[in-house]
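Hello,

Here is the structure I promised to pass on. Have a look at it first, and my notes follow below.

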2 protein chains.
Amino acid sequence: MNESIEKDARHAARMQRKKTVIDEKIAAAQIERGVLVVNTGNGKGKSSAAFGVVARALGHGMKVGVVQFVKGRSDTGEEAFFRRQPGVVWHVMGEGFTWDTQDRARDVATAEAAWEQARALLRDPAISLVVLDELNIALKYRYLDVERVVADLVARPAAQHVVVTGRAAPPELIAVADTVTEMGPVKHAFSAGVKAMPGIEF
Amino acid sequence: MNESIEKDARHAARMQRKKTVIDEKIAAAQIERGVLVVNTGNGKGKSSAAFGVVARALGHGMKVGVVQFVKGRSDTGEEAFFRRQPGVVWHVMGEGFTWDTQDRARDVATAEAAWEQARALLRDPAISLVVLDELNIALKYRYLDVERVVADLVARPAAQHVVVTGRAAPPELIAVADTVTEMGPVKHAFSAGVKAMPGIEF
């Protein structure tokens, strides 16, 4: 019994110290502005984290624009779900994975058209959140010029948030981002022979 | 001009090889069943990726249950948004971050009550996706017994998907998971003095 009381007291003291550190950090972070988030890495969760942020923003009554630079399939749950939500603009610009089209000139033209849609959102202060899904893939294959993309991102309205997803985010993008997460695969169901499941993978 | 044609031909050949490898992998993955996904690590995106999967599942007409084990704040966009969606059961069981309560006995009782809600979802085959948000925190502080949690997860309906989030996922959970992502922080706006922004952080 005494042991349990001591354990609880140690827990309370440790948590008090933790709270002090966290409260100080929160007090120090007072800048309010739009942030640029980049979700990269080879693990699962890059696009789904962006779509979770879409839900979050809609919950705060914000308007959201999404551009998907690579259309992997046409039956995704996220597209079906968010297209029917008020306050969402959803563009799917890709024509398939780049290894499906096997046509560089067509992929470049598609990426350029997608970037034009993105730029329109990035110039509209009424849009609080812009998601540029799989933009990193278009940058990795140099379908788009990274300097131009970065310039348009930096020139967006000051309060606008942007989330960029895709493997292999280029260093030029990471340099101007506020929050960057590397989603690393520890294990994946696919490697164990499990098919891409609706509601989880798409 | 010839250089450009050669570049396009090399691109097409590389993409053809890539497509062959990917098609073989897709053909090899034919098992269809519920998967257990764990989002862990110190970076941003663990909970938002889970909420993105909720949107995905709802887009496929599935029913979803969410239990939040740690209630950091009461004004989250995700809760406001998903509570108004048909097909979603949403429980917020935590009473604050564990460093806010500083009361181990109360945290244990809260975690136990949350686990009872989770178990009810994990026994209901009508629920296609169960999100256990910040469960890893309850396991890290040993508010819940990991063996019992793993046993309940393993005993769930065969087609049911589960997403568990939170830093420091225990090895016992990783062992039974199908897909595990380590979300690693490359950089974070908070460290640069930016406040937690609505629509992005909550």
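Let's start with helix 2 of chain A (residues 46–59): its 14 residues reach 20 Å from first C-alpha to last, close to the 20 Å expected at 1.5 Å a residue. That expected span is 1.5 Å times one less than the number of residues, and helices (H or I, at least four residues) and strands (E, at least two) are DSSP runs numbered from the N terminus. Since 14 of the 14 residues of helix 2 of chain A are buried, it is largely enclosed by the rest of the structure; buried means under 20% relative accessible area with a 1.4 Å probe, protein chains only. Just after this helix, A:Gly61 has a positive phi of about 80°.

A word on the model: it is predicted, with local features needing pLDDT of at least 70 and side-chain atom pairs pLDDT 80 or more, while totals for chains, interfaces and linings use all residues. Residues are numbered from 1 along each chain as written, chains are lettered from A and ligands numbered from 1 in written order, and side-chain values use heavy atoms, without hydrogens and water.

An open, mixed sheet has 12 strands, in the order 3(A)-2(A)-4(A)-5(A)-1(A)-6(A)-6(B)-1(B)-5(B)-4(B)-2(B)-3(B); strands pair if DSSP finds at least two bridges between them. Strand 3 (88–92) of chain A and strand 3 (88–92) of chain B stand at the edges with a single partner strand each, so one side of each is left without a neighbour in the sheet.

In chain B, strand 4 (residues 129–133) and strand 5 (residues 161–165) pair in the parallel sense over 4 bridges, and B:Val130 stands opposite B:Val162 of strand 5.

Best wishes

Methods
Buried means under 20% relative accessible area, exposed over 50%, partly exposed in between (1.4 Å probe, protein chains only).
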